[in-house]
Amino acid sequence: MTAPTPSSGGRLVAITGSSGLIGAALSEALRGRGDRVLHLVRRGPRASTELPPGVREARWQPGSELDPAVLAGVTGAVNLAGAGLFEGRWTEKRKKELIGSRVGSTDTLSRALAGLVDGPADEPPRLVSGSAIGIYGDQGNTVLSEDSPQAEGFVADLVRDWEAATAPAEQAGVPVAHIRTGIVLSPRGGALGRLLPLARAGLGGPLGSGRQYWPWITLHDHVRAMLFLLDRPDVTGPVNLTGPHPDTQAKVVRALAAELHRPALLPAPTAAMKLVLGQAASEVLNSARVLPTRLTAAGFTFDHPDLRRAAAWVVDELRWHR
């Protein structure tokens, strides 16, 4: 995975959620460019002999206090912790888990990073903190940027609280970017990982109407964007991590099916999706025409700016990892 050249080599970057799809890819990319990584894990940390070169682990408990000494030497942190939105129906218990896993973990990490800043002369560590495009809600064909109004509802409220939990770090002078992630295209997991088996079988038809906008980004470009933001502490606040050309869900599926040389048939009716997913179905069926306005204004360029190149990369990755 090609990465931007770091402004200084051999830095130490802490990652929460390092075992997930995005976190694992980010850890690999950081090490590939010469940085060291600290994985914050909830289980007991493994010995250095059990880990890849350049990786060490430290235990933490989201929602509890984290001793800043654990982060000694860290120049940047990427917060990707959080339970999967689409793993199970949104019961009241599940909603509490979704909130706690994001808001609690972000608050814990933010307070620890703030504890590293002893005074105004210190160069504070950089924080790139997870967020989501769900904050915009269902906006139809309206073009959305980071300055667009925020929606109401469970996911929008969750994202708002998630971003607000970085306040302790920001108040201490830590530069924070909130990465509002779109639909990450990868054959290895995420929403697309669940759709690909259907697409390969020729069953990847529209979800609902198929006319809802999906603000997609390849995993490759998502990781490159996180590296870019780690190197650019001057870029703060919400940053949409989506490709520059959002497409409708039906077009995304058709592009993947074309690369796989399969038809895109058999739509999934809205009623059936709501029956299976419950309230979570609304996030799949929402339309959000989100643009990466701040990312591109800062000078980031995409390796996969259009759906054709994105779909070709996904299928190449699928074949490579068989």
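Here is the tour, starting with the whole chain and then going to single residues.

**Before you click**

You're looking at a predicted model, in which local features need pLDDT of at least 70 and side-chain atom pairs count only at pLDDT 80 or more, while totals for chains, interfaces and linings use all residues. Residues are numbered from 1 along each chain as its sequence is written, and side-chain values use heavy atoms, with hydrogens and water left out.

**Stop 1: the whole protein**

Show the cartoon. The protein has eleven helices and 13 strands; these are DSSP runs numbered from the N terminus, helices being H or I with at least four residues and strands being E with at least two. Of its 322 residues, 54% count as buried. Here buried means under 20% relative accessible area, exposed means over 50%, and partly exposed is in between, with a 1.4 Å probe and protein chains only. Among contacts with a separation of 6 or more, 78% come from residues 24 or more positions apart. A contact means heavy atoms within 4.5 Å.

**Stop 2: helix α1**

Select residues 21–32. That's helix α1, with twelve residues, and it reaches 17 Å from its first C-alpha to its last, close to the 16 Å expected at 1.5 Å a residue. The expected span is 1.5 Å times one less than the number of residues.

Now colour I22, G23, A25, L26, S27, A29 and L30: these residues of α1 are buried. What do the buried residues of α1 pack against? Their partners are strands β1 (12–16), β2 (36–41), β3 (55–59), β4 (76–79) and β8 (183–185), plus helix α6 (219–230). Step just past α1 and you'll find G34, which takes a positive phi of about 100°.

**Stop 3: L38, in one of those strands**

Click on L38 in strand β2. Its relative accessible area is 0%, so L38 is buried. Leaving aside neighbours within four places in sequence, L38 is in contact with L12, V13, A14, I15, R56, E57, A58, V70, L71 and V74.

**Stop 4: salt bridges**

Time for side chains. Side chains of opposite charge can pair when their charged atoms come close. A salt bridge here is a side-chain nitrogen of Lys or Arg within 4 Å of a carboxyl oxygen of Asp or Glu, and by this rule the count comes to 15.

Next, move to helix α6 and pick R224 and D221, which lie three residues apart, about one turn of the helix. Their side chains meet in a salt bridge at 3.0 Å, N to O.

D303 lies in the loop between α10 (293–297) and α11 (307–320) and R224 in helix α6, so the pair ties together parts that are 79 residues apart in sequence. Buried or exposed: which is R224? At 9% relative accessibility, R224 counts as buried, whereas D303 is partly exposed at 32%.

Then select R11, R33, D35 and D231 together: salt bridges that share partners join them into one network.

**Stop 5**

Go to Q61, in the loop between β3 and β4. With a relative accessible area of 43%, Q61 is partly exposed. Beyond its neighbours within four places in sequence, Q61 is in contact with R42 and T108.

Finish at R308 in helix α11, which counts as exposed at 57% relative accessibility. R308 and A258 are 50 residues apart in sequence and 9.5 Å apart in space, C-alpha to C-alpha.
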